[in-house]
Amino acid sequence: MTGRLKTFTLGGIHPEENKLSAHVPIEVLPVPKQAVIPMGQNLGAPSKPVVGRGDQVKVGQLIAEASGFISANIHSPVSGKVLKIDNILDASGYKRQGIVINVEGDEWEESIDRSDNIVEEITLDAKEIIDRVKQMGLVGMGGATFPTNVKLMPPPGKVAEYLLINGVECEPYLTSDHRLMLEKGKEILIGTKILMKALNVKTAIVGIENNKPDAINHMTELAKGFEGIEVQPLKVQYPQGGEKQLIKAVLNREVPSGKLPIEVGCVVQNVGTAYAVYEAVQKNKPLIERVVTVTGKGVRKPSNFLARIGTPIKDLVDAAEGLPESTGKIINGGPMMGKALTSLEVPVVKGSSGILLMQENESRRKPESSCIRCSKCTYVCPMGLEPFLLARVSRVGNYEMAEREMIMDCIECGSCQYTCPASIPLLDYLRLGKTMVGAIIRNRKKN
Amino acid sequence: MNMLTVSGSPHIHGDNETKKIMYGVVYAMIPAMLVSVYYFGLDALRVLLLASASAIFFEWVIQKYLIKGPVTITDGSALVTGILLAFNVPSNLPSWMVIVGALVAIGMAKMSFGGLGKNVFNPALVARVFLLISFPVQMTSWPKPHAIINGLTDAVTGPTPLGIVKEGLRAGQTMSELKPELPTYIQDLVGQMGGSMGEVSAIALILGGLYMLYRKIITWHIPVSMLLTVVIFTGILWGIDPQHYADPVFHLLTGGMLLGAIFMATDMVTSPMTHGGQIVFGIGVGVLTILIRIWGAYPEGVSFAILLMNAVVPLINRGFKPRRFGAKPGVDIKTS
């Protein structure tokens, strides 16, 4: 590390990091008594169940299949009997279709390699890799849950030059990617190699913020054994884990408005996804479990759990020595972009990176006051937007102007609201504006 | 267990608060307040206290009894307006005029637009201009600064350096003839010259400015672009004819130039929202100030210049957008 550390240049904030569970090794959580598996776990169309009530399932068995191009398969994370297929509460706060399985034992599909040995040699070719990734139901593990196979198939005329592996973990509190890099570093790099083969790229760069020096050192050391993989330490700045910000930070390339990273020759995958790719391709293991951080200032035992998909969040909280008396808010994800939950019965899904228990005294928003036109929201916006203006026009329903002022570029990182001295809920209004403008654009395309 | 709070992200908030910003400005004004009391004595203290107290009082009365809405006098914004108003008047201004000034600032320039954040014009400057036009004699009789130790009852008044130059040049004198009447640059820096209470000491104002930069209350764009414009503009004139135009340093250090650049033009509410717009705003204030100072009827033009530029801020905001992400030209993608 010499000279100034790389980072993105437009906007950004640096909230308190609070990585309480950074030194806690990943702990395997026991299988739950009952698994609840929502069908809408990925970005895009929800999956379609292929099992019925009363069916006996094994761990790793396909229980729901992709229902479109942007959709993903789901495999049973447990063994047992399908109790029902019904509407269940998921992290969105709505009741949506899900499969409920009563767990019996822990019987796995025999095709899955459960041994500890690390398989380095990549025998599959690019097409086989992409098929396997699709078959195993892989989605982006950083939280966006975009189906991984789709990202591996650049549209006609576009080529990938770089693969970026996202080990930034810029959300405060969360440590699941950090722990994964420390404990499964080699597997992540093999997964990276697999992705490079699938994309036919020569160079992959792992971006890690320098608040994780142990992960930087460990991954740099390991990467010496892998041709074409580099580790790039980055200055700590939120939201560096955003695809566009990461590409800007590492390669100084800017993805144009409304376009995907492939436009500038990049594909970005999270370290958790790289690990899942390793398991899917080398071990034949579908995406049935993931690392989830359980954290918060009042949490007695901040932890990183390897939990099966479908495990109720309550089980994770109990394993972290229970819900603190002082809890006032439960967040699925990190404090900047996570979603507040209404219940502990909500299950772990493919995109669950952490459970943050906030204390009563930090749960409420500060009272809103008048905008003093300080411009701080504009200074911190990583997309170069004017949040105060977008919020104002969205509030009064001037969606035409919101669109012209590029509201659809908003990545909903929350930096504007975080920094607003008047505590105006800017992102609430921006989300409203984005929803409305999005609908207007879709309608226009139809006509 | 408690009731759970469910709200949209983000779930944490930084430590920015309107109150902290406003009191930050107040702290930044402390050096200039001390200098004004040091040179103008208890009279300065009288004006400071009276202006602040009446600004806060009028805000309270209007919010509680006229608007019948929430009272926000503790947010510090009325206090800032009060102190800035005091900075913009001579220390011997009659008390009732100070009170009228506070009423104009808060009632007319701020609350009638809808209160904090909604006003188009800088409230303290509106009040200053109102007072200047209504009470020209009292507003332009400047007590000569004397340190408190030199005696409290100082009644000697005199013109400001800008006034000396304006009158002198108009009467046909040259700059070298006027030189002996003007304070030295050292006197300008420490504040030993005639003028409004808060504008006399360059050092005190710059200290305040540095503090606000450090606290990120202001950015460099407006003060630097405004002062640089003044230096270039007056530098050219002075270069052409040093006998009939004052030098750039004189223009920088006298009158309300630094007070305006650091505390008035940088007012968040009435200045542009993007750095590009702020630079244009600063240049505009600089040019207008010098036009008024040199060719206008008044010896000083900072207040008018800032108010005029305040009026075009909405236009500037429309024309100057932040640099959008993705505006960088495309890249050559090497295929492997």
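Tutor: Let us look at how the parts are divided and packed, keeping in mind throughout that this is a predicted model. The domain assignment of chain A gives two domains, of which domain 1 is made of two stretches, 1-28 and 119-364, while domain 2 covers 376-446. Taken over C-alpha atoms, the centres of domain 1 of chain A and domain 2 of chain A are 26 Å apart. Where these domains touch, domain 1 of chain A contributes 14 residues and domain 2 of chain A contributes 15 residues. If we sort the side that belongs to domain 1 of chain A by class, we find eight nonpolar residues and six polar ones, with no charged residues.

In chain A, helix H11 (residues 387-395) packs against helix H14 (residues 426-446) at an angle of about 60°, and the axes lie 8 Å apart. Because of that angle, H11(A) is oblique to H14(A), and the crossing of H11(A) and H14(A) is left-handed. On the H11(A) side the contact is made by Pro387(A), Leu390(A), Ala391(A), Ser394(A) and Arg395(A), and on the H14(A) side by Leu426(A), Tyr429(A), Leu430(A), Leu432(A) and Gly433(A). Sorted by class, the residues of this contact between H11(A) and H14(A) are seven nonpolar, two polar and one charged.

Helix H1 (residues 126-135) and helix H4 (residues 185-199) of chain A pack at an angle of about 120°, with 8 Å between their axes, and the crossing of H1(A) and H4(A) is left-handed. Here H1(A) brings Ala126(A), Ile129(A) and Ile130(A) to the contact, while H4(A) brings Ile194(A), Lys197(A) and Ala198(A). The contact of H1(A) with H4(A) has five nonpolar residues, no polar ones and one charged residue.

Turning to chain B, we find 15 helices and two strands. Its radius of gyration is 22 Å, close to the 20 Å that the globule rule gives for 336 residues, so chain B is as compact as a globular protein of that length. Along the principal axes, the C-alpha trace of chain B spans about 75 × 65 × 35 Å. Chain B is divided into domain 1 (18-138) and domain 2 (149-319), and the centres of these two domains of chain B, taken over C-alpha atoms, are separated by 21 Å.

Between them, 32 residues of domain 1 of chain B are in contact with 29 residues of domain 2 of chain B. On the side of domain 1 of chain B, the elements giving two or more residues are helices H1 (18-40), H2 (42-66), H3 (77-87) and H5 (123-134) of chain B, and H1(B) gives the most, with 12 residues. That side of domain 1 of chain B divides into 23 nonpolar residues, eight polar residues and one charged residue.

Finally, the two chains meet each other, with 35 residues of chain B in contact with 62 residues of chain A. The side of chain B that touches chain A is made up of 14 nonpolar, 16 polar and five charged residues.

Notes:
Residues are numbered from 1 along each chain as its sequence is written. Chains are lettered from A and ligands numbered from 1 in the order in which they are written. This is a predicted model: local features need pLDDT of at least 70, side-chain atom pairs count only at pLDDT 80 or more; totals for chains, interfaces and linings use all residues. Two residues are in contact if their C-beta atoms, placed from the backbone, lie within 7 Å. Ala, Val, Leu, Ile, Met, Phe, Trp, Tyr, Cys and Pro count as nonpolar, Asp, Glu, Lys and Arg as charged, and the others, Gly among them, as polar. Domain bounds come from an automatic or database domain assignment. Axes are lines fitted to C-alpha atoms, for helices over the stretch in contact, and angles run from 0 to 180 degrees between N-to-C directions. Helices (H or I, at least four residues) and strands (E, at least two) are DSSP runs, numbered from the N terminus. Angles under 35 degrees count as roughly parallel, over 145 as roughly antiparallel, 65 to 115 as roughly perpendicular and the rest as oblique. A crossing is left-handed if the near helix is turned anticlockwise from the far one by less than a right angle, and right-handed if clockwise. The radius of gyration is taken over C-alpha atoms; the globule rule is 2.2 Å times the number of residues to the power 0.38.
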